[in-house]
Structure formats: C-alpha cells, structure tokens
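Please open the model in the viewer and display it as a cartoon. The stops below are to be selected in turn.

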Amino acid sequence: QRLLSSFRQTKTGAQKQRYVSAISCNGIQSLDTLRRRAKKVYAVTDKYGLGCYFMNTLYEAICAKKLASTICASPLTRANKEAIFLEGEDILFVLSKEKEANTADKTINSMRFIKKEAVSQRKGRLRFLEKCKDAVMEGAVSALHEAGNFHKKTEKIYSVCIDFSKIDAI
C-alpha cells in the first residue's frame, strides 16, 4: 500500500493480461516488450519461489485501487504473477532470480516480507523443491525440444507427398 501511494501518475482503469515469458520447443523465451516500455524496473527477488507472495499482494493492492496495469501471469501457474506493469508510471515489477536482479533499477528483496522463522524451519525443503522444479522444467523443455525436432522431420516427409496446387485450387 505504501509503495503504491508514492506513485503519482498512475491512472485508474482497466487491467490487461499479457505474458512476459513462454515455453517453446526452443526453451524458455523471455518477451521484453514491457521491459523496454518501462522507465523503471523493480526486480522482486524470488528466492525459494516465495517472490510470488509479494507479487500477489501487490496485485491485490492494485486491484483494490483499480489502477491501470498490465498483469503478466506465469505460463505455468496462472495464479502467480510473473510481472506487473503500472500504466502512467511506466514501472515494471518483475520476479527475478537473485543473480538476475542486478539488471534492474531497484531490487526488492521479497524475503523481507516472509516470516524468517517459518523459512528457516523449512529451508532445506524449500531448496529441495526448488531443485525439483528446476529439474522438471529442464526435462519438460528437453521433451518439447525433442517433440519439435520430430515435428520438423515429420513435416519434411509429408510436405513432399502433398500436392499443394490442388489444395490452393480449393
């Protein structure tokens, strides 16, 4: 709430939906349209995957004030917000791994807003879950890449067999 009240040019209005990343046969793709539009980028560190709690809280505050914004859901979990762009202020809040946060104008350490006792009791489990998530993601991207290669090979076979002139005549 305090963060949002410091912004003066934010317009009230509708929310748009957009993705800033996608998963394809070529791996995880980042779409930098909003980053290029932003005058200021806030990187929200995502240690142990807990940055989504900060982003969801920010989203709820934006909804409560009915601010014009572009909400970018995670391509894996639509309930989690991967980025939020405030129209008028042209400010982008984006989830970042700690090592990626140095490309932003400001960094918000999401761990400041999480109960330290709860995290310290579960730190080992959180690290394990993060490694599992990374391994599953790597496997999924690898499978998509393999499927893309099979698709290209199949396309080569059937494109030779199809008489496209007959299809164009239809």
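Which strands does H3 lie across, and at about what angle does H3 run to E6? H3 lies across E1, E4, E5, E6, E7 and E8, and the angle to E6 is about 35°. Contact here means heavy atoms within 4.5 Å; axes are lines fitted to C-alpha atoms, for helices over the stretch in contact, with angles from 0 to 180 degrees between N-to-C directions. Helices (H or I, at least four residues) and strands (E, at least two) are DSSP runs numbered from the N terminus.

The model is predicted: local features need pLDDT of at least 70, side-chain atom pairs count only at pLDDT 80 or more, and totals for chains, interfaces and linings use all residues. Residues are numbered from 1 along each chain as its sequence is written, and side-chain values use heavy atoms, with hydrogens and water left out.

**The helix**

Select residues 51–65, which form H3. From first C-alpha to last, these 15 residues reach 22 Å, close to the 21 Å expected at 1.5 Å a residue; the expected span is 1.5 Å times one less than the number of residues. Among the buried residues of H3 are Phe 54, Met 55, Leu 58 and Ile 62, where buried means under 20% relative accessible area, exposed over 50% and partly exposed in between (1.4 Å probe, protein chains only).

Next, select Lys 66, in the loop between H3 and strand E5 (69–73). Its phi is near 55°, a positive value in a residue other than glycine. Lys 66 is exposed, with a relative accessible area of 59%.

Asp 90 sits in the loop between strand E6 (81–86) and strand E7 (91–96) and, at 18% relative accessibility, counts as buried.

**The sheet**

Now select the strands. Six of them form an open sheet of mixed pairing, in the order E1-E5-E6-E7-E4-E8; two strands pair if DSSP finds at least two bridges between them. At the edges are E1 (15–18) and E8 (106–108), each pairing on one side only. E1 and E5 run parallel and are joined by 4 bridges; Gln 17 stands opposite Ile 71 in E5.

**The cores**

Finally, show the side chains of Met 55 and Phe 93, which have the most contacts inside the largest nonpolar core, a set of 14 residues. Such a core joins buried Ala, Val, Leu, Ile, Met, Phe, Trp, Tyr and Cys residues through side-chain atoms within 4.5 Å. H3 gives the most to this core, with 4 residues.
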